[in-house]
Amino acid sequence: MCGIVGFTGTRSAAPLLLEGLKRLEYRGYDSAGIAVMGNEGIRVEKVSGKVQKLCEKTGDGAAVPGSTGIGHTRWATHGAPTDTNAHPHLSNDGRYAVVHNGIIENYAALREELTAKGYTFLSETDTEVIVHLLEMYDSGDLKSTVLRAVARLEGSYALGVLCADQPDTLIAVREASPLILGVGVGENYFASDVTALVSYTKNAIYLDDGEFAVLTPAGITVYDCTGRQIEKPVTRVTWDVEAAEKGGYAHFMLKEIMEQPAAVRAAIAPRLRDGEVVLDEFDLDAETLRQFNKIVITACGSAYYAGCAAKYALEALTRIPVEPVLASELRYSDPLIDAHTLLIVISQSGETADTIAAMRECRARGAKALAIVNVVGSTIAKSADWTLYTWAGPEIAVATTKGYTTQLAVLFLLAMSVGRKLGRLDDALYPALLYDILRLPKLIQNAIDLNHGLGALAKKYHRASSLFFIGRNTDWASALEGALKMKEISYIHAESYAAGELKHGTIALIEEGTPVIAVCCNAALEDKTISNIVEVKARGARVLAVAFRGDRKIVAQANDCVFIPPIHTLFTPILAVIPMQLLAYYVAKENGCDIDKPKNLAKSVTVE
């Protein structure tokens, strides 16, 4: 999704803005631009295409002098990705420039009103109404002007405002879209993501909905929606910019796949003490836990599939019914949720718009919300009743890898903790599960080491027009995420099916040479899955199986095999996904795809 940056200080703003935009490229975008306050007013430079094109146009910023400015990477919603539709947008009198993340839902009515009053629109965007509102409400006081303008807006927005009348001042406004302030010495910043700031400062202020800030080189002042000054804590960012660099890998996605052992270790190590799972952030007693008669998991994309995979562990260990529901569906479904429902909300960014809306809907019906997120200070983290952080570190590639596996790790810990407290986790089973949880980082590394040959294997599959992923029970949950990884970065049509459903229609699509990826890591159902492998092979399919190391029954049936080390069935999804991540990566690489920034996709989906 769109990214914004802002800087005010004594240094040249344009190079800093461009560097910040580069660090936001992973969010997904199709145009970019900057506006800088110079001696002759506000100068805007923008392009359709990559930030590098903007760098070339501006001489890496040298051609745009000035020490205060704003920048933007746009993901097209209203209007095509053109130079004209790119941000920043200027007011008709040239005194205001605006960058905006989000969607203005009432822009059509505002545009009609402003056009009738003589304002000229140059773009097709919803954002341009904002800059004309600023001009219309200009009172000579920048803060009050912004307050009056944003009061007219309906929807979601993170705004950066630059005014020629106050050349060293920026205004940053947040409503349902992430915005972070960077606190420096003699200079200050804002951005939609902390990755754009950590090169310059590790001191951050996280704005909440309805808040806005005035930034000058001398300091930052934060206000609520009424204009009353408020105090906000300064948070110290704990990771270095090197964590967001490729570190010698060809792509961020490959780097993040390889980081999964360390990321999962960071997620689980602080929560294992003296042979027990200890969740300090969700330390409910048995009496409180017994009040929940249902668990609903809501999320989008890979986070939703993490919920689907964890359903089996949660139900098996807690004996509480678990229902994973897509957030985009839950928010409109009039859900049967009440005070006896525990809502688990999963989001890597903590800013997923549909997930936020679903959480608010369920909490309004009395549910208690437990958030599982990666980003500290995010909207979901702050809005939930309890929050379990995954501690995955920055994830730059659009296609999540370590974000997904750390979510699973935390969900498995949750299942063990709740099951233990309720007395529903068998005392004989607990030590075996704890042993596997402790070994997860090592087992993930083993899964990576077992599959160094996937680059060569991908050459057999990269020309496919469609791939089918099949599995049963926990394996089907793994197949869902495997198929998503394949289609989102390789652009090959990929679908996941419960293997038992093949005969109910899907097998009609299997023909000579069709690739089928069969996940076979559930020992109790292996013979059933093998029968499905035989079915598709009889119709000409080429089968690639994901199985436990040393499984001769699968080797005898599949055309190709990739392996994972043995682990308890409930925890297999965290290992089974590793070779499928690698397969998707190498297939996309064979096809010359933009692996870290797939077309039409965004890292943080902050609009519906």
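1. Buried here means under 20% relative accessible area, exposed means over 50%, and partly exposed lies in between (1.4 Å probe, protein chains only). Serine 192 is buried, at a relative accessible area of 4%. Residues are numbered from 1 along each chain as its sequence is written, and side-chain values use heavy atoms, with hydrogens and water left out. The model is predicted: local features need pLDDT of at least 70 and side-chain atom pairs count only at pLDDT 80 or more, while totals for chains, interfaces and linings use all residues.

2. Serine 192 sits in the loop between S10 and S11; helices (H or I, at least four residues) and strands (E, at least two) are DSSP runs, numbered from the N terminus. Not counting residues up to four places away in sequence, the contacts of serine 192 (heavy atoms within 4.5 Å) are Cys2, Gly3, Ile4, Leu24, Arg27, Asn101, Pro178, Leu179 and Ile180.

3. The sheet is open and has 8 strands, in the order S3-S2-S4-S1-S10-S9-S11-S15, with antiparallel pairing. Two strands count as paired if DSSP finds at least two bridges between them. Its edges are strand S3 (41-48) and strand S15 (235-236), each of which pairs on one side only.

4. Strand S9 (residues 180-183) pairs with strand S11 (residues 203-206) in the antiparallel sense over 3 bridges, with leucine 181 opposite isoleucine 205 in S11. S11 in turn is joined to S15 by 2 antiparallel bridges, and asparagine 203 stands opposite arginine 236 in S15.

5. There are 3 cavities of 30 Å³ or more. A cavity is a set of points, on a 1 Å grid over the protein atoms alone, where a 1.4 Å probe fits but cannot get out; lining residues have an atom within 4 Å of a point. Grid points are joined across faces, edges and corners, and a volume is the space filled by probe spheres set on the points.

6. The second largest cavity holds about 70 Å³ of space. Its lining consists of Val5, Gly6, Phe7, Leu16, Leu17, Gly20, Tyr189, Ala196, Leu197 and Tyr200. Strand S1 (3-8) and helix H1 (13-23) each contribute at least two of the lining residues.

7. The largest nonpolar core has 105 residues, of which Phe282, Ile344, Leu414, Met416, Ile437 and Phe469 touch the most other members. Such a core is a set of buried Ala, Val, Leu, Ile, Met, Phe, Trp, Tyr and Cys residues joined through side-chain atoms within 4.5 Å. Helix H19 (residues 572-590) supplies the largest share of this core, 13 residues. Another core, of 29 residues, lies apart from it and includes Val98, Phe121, Leu133 and Val161.

8. Within the largest core, isoleucine 344 is one of the residues listed above. Leaving aside neighbours within four places in sequence, isoleucine 344 is in contact with Ile295, Val296, Ile297, Thr298, Leu314, Leu370, Ile372, Leu411 and Leu414.

Terms used. On a 1 Å grid over the protein atoms alone, a cavity is a set of points where a 1.4 Å probe fits but cannot get out, and a pocket is an open set with protein on both sides within 12 Å along at least five of seven lines; lining residues have an atom within 4 Å of a point.
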